Amino acid sequence: MIPNPTTLRDSSVILTRRIYFGFDVDSKMAVGEFFFTPLVLFIVPKYCHDEFFINFNFFHAACLKIAISKCLGYGIVVGSAMIKIPQIIKVVQASSVEGLSLLAFVLELVALTANATYSYAKAFPFSAWGESFFMSIQGCLLILMYFYYTSQPLAAIIFPVLYGGIVYVLASGLTPMSVLTQFVSLNILFLATSRLIQIVANFRNGHTGQLSFIMVLLLFLGAVARIFTTIQETGDKVLLMTFLVSATLNATLTFQVLYYWSVKPDLKKKEA
């Protein structure tokens with residue numbers, strides 16, 4: 001015999017909604033149930049909140065994947081705000097950009113910009129691409145520092161103005177989605193080229209110069225985490241392939257830094 005919904009509503013609103021509407025628990029009850037609910041709903045949908053904290057089903061597979069993906073995504077975004085800081089500090093302390101490739105910096109910035117503008121236009125959640133925004137800012141700073149330490153003041157003035165104009169055109173809606181899609185499809189080429197240039201430079205120099213181990217390690221770990229979050233949140237095959245390539249090449253850079261750990265640029269010069 002099917003229970004009377006009215007009777008159940010009088011005794012338990014949660015039970016009524018759960019039986020007759022699956023996960024769609026009354027929104028007022030869900031939001032007002034716990035003081036931490038607004039924070040939880042920032043990470044997972046309402047039905048997952050109810051599965052976790054009303055039904056106490058903490059191992060609900062679909063919701064667990066969403067929670068892990070969102071936490072990883074926001075963790076990557078927060079971490080990306082500082083990911084290139086170790087590299088910036090190392091350059092400032094050494095007052096040198098020796099061992100670093102300007103072309104690698106520029107190509108990486110192009111790839112990050114393509115990813116950010118494409119994801120923004122596609123209305124993907126910020127947790128799925130926010131690191132591209134923060135890393136682009138830091139990438140710009142590194143390029144400006146490169147111009148500064150190589151005594152190219154005019155380039156340091158022109159570059160931010162030019163880059164800012166390009167970003168505006170891409171993100172303001174002036175650029176058709178078809179063009180953005182083609183642009184981001186070249187991401188793998190830009191990213192692979194930027195990493196390979198640095199990898200080859202390290203091999204030829206016999207050292208990694210001012211390349212930061214912390215930065216390349218974080219880039220590797222971030223790319224690995226992004227593989228999971230991309231599958232879970234967007235399913236975009238272009239972005240997925242980009243992160244697969246990124247993880248592989250960043251792993252190579254990490255290995256190089258460890259391999260050449262005890263080799264210093266000044267020592268190599270003296271030996272020459």
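Of the 272 residues of the protein, 41% count as buried. The model is a predicted one. It contains 15 helices and 0 strands. Among contacts between residues at least 6 apart in sequence, 71% join residues at least 24 apart.

**Nonpolar core**

- The largest nonpolar core has 26 residues.
- Leu100, Phe105, Leu109, Ile143, Phe159, Leu211 and Val216 have the most contacts inside this core.
- Two or more core residues come from each of α7 (85-94), α8 (102-121), α9, α10 (153-171), α12, α13 (213-233) and α14.
- Helix α9 gives the largest share of the core, 7 residues.
- As general background, nonpolar side chains in soluble globular proteins tend to be buried together.

**Packing of α12 and α14**

- Two packed helices are described by the angle between their axes and the distance between the axes.
- For helix α12 (residues 187-205) and helix α14 (residues 237-259), the angle is about 5 degrees and the axes are 9 Å apart.
- Angles under 35 degrees count as roughly parallel, so α12 is roughly parallel to α14.
- On the α12 side, the contact is made by Asn187, Ile188, Leu191, Ala192, Arg195, Leu196, Gln198, Ile199, Asn202 and Phe203.
- On the α14 side, the contact is made by Val238, Met241, Thr242, Val245, Ser246, Leu249, Asn250, Thr252, Leu253 and Gln256.
- By class, the residues of this contact are 11 nonpolar, 8 polar and 1 charged.
- An α-helix has 3.6 residues a turn, so residues three or four places apart point the same way.

**Asn250 and Val216**

- Asn250 is in helix α14, and Val216 is in helix α13.
- The relative accessible area of Asn250 is 0%; the cut-off for buried is under 20%, so Asn250 is buried.
- Val216, with a relative accessible area of 1%, is buried under the same cut-off of 20%.
- Leaving aside neighbours within four places in sequence, Asn250 is in contact with Arg195, Val216, Leu219, Phe220 and Ala223.
- With neighbours within four places again left aside, the contacts of Val216 are Leu211, Asn250, Leu253, Thr254 and Val257.
- Arg195 is also one of the α12 residues in the contact with α14, and Asn250 is one of the α14 residues there.
- Asn250 and Leu219 are 31 residues apart along the chain, and their C-alpha atoms are separated by 6.5 Å.
- Val216 and Ala251 are 35 residues apart along the chain, with their C-alpha atoms separated by 7.9 Å.

**Thr117 in α8**

- Thr117 is found in helix α8 and is buried, with a relative accessible area of 5%.
- Not counting residues up to four places away in sequence, Thr117 touches Leu170, Ala171 and Leu180.
- Thr117 and Thr175 are 58 residues apart in sequence, and their C-alpha atoms are 9.9 Å apart in space.

- Helix α6 (residues 61-80) has 20 residues and reaches 28 Å from its first C-alpha to its last, close to the 28 Å expected at 1.5 Å a residue.
- In α6, the buried residues are Cys63, Ile66, Ala67, Ser69, Lys70, Gly73, Ile76, Val77 and Ser80.
- These buried residues of α6 pack against α5 (46-53), α9 and α13.

**Positive phi in two loop serines**

- Most residues other than glycine have a negative phi.
- Ser95 lies in the loop between α7 and α8, and its phi is positive, near 50 degrees.
- Ser151 lies in the loop between α9 and α10, and its phi is positive, near 55 degrees.
- Ser151 has a relative accessibility of 63%; the cut-off for exposed is over 50%, so Ser151 counts as exposed.

Notes
Residues numbered from 1 in each chain as written. Predicted model: local features only at pLDDT ≥ 70, side-chain atom pairs only at ≥ 80, totals over all residues. Heavy atoms only, no water. Axes fitted to C-alpha atoms, helices over the stretch in contact; angles between N-to-C directions. Helix = DSSP H or I, 4+ residues; strand = E, 2+ residues; numbered from the N terminus. Parallel < 35°, antiparallel > 145°, perpendicular 65-115°, else oblique. Contact = heavy atoms within 4.5 Å. Nonpolar A, V, L, I, M, F, W, Y, C, P; charged D, E, K, R; others polar. Core = buried A, V, L, I, M, F, W, Y, C linked by side-chain atoms within 4.5 Å. Buried < 20%, exposed > 50% of the residue type's maximum accessible area, 1.4 Å probe, protein only. Expected span 1.5 Å × (residues − 1).
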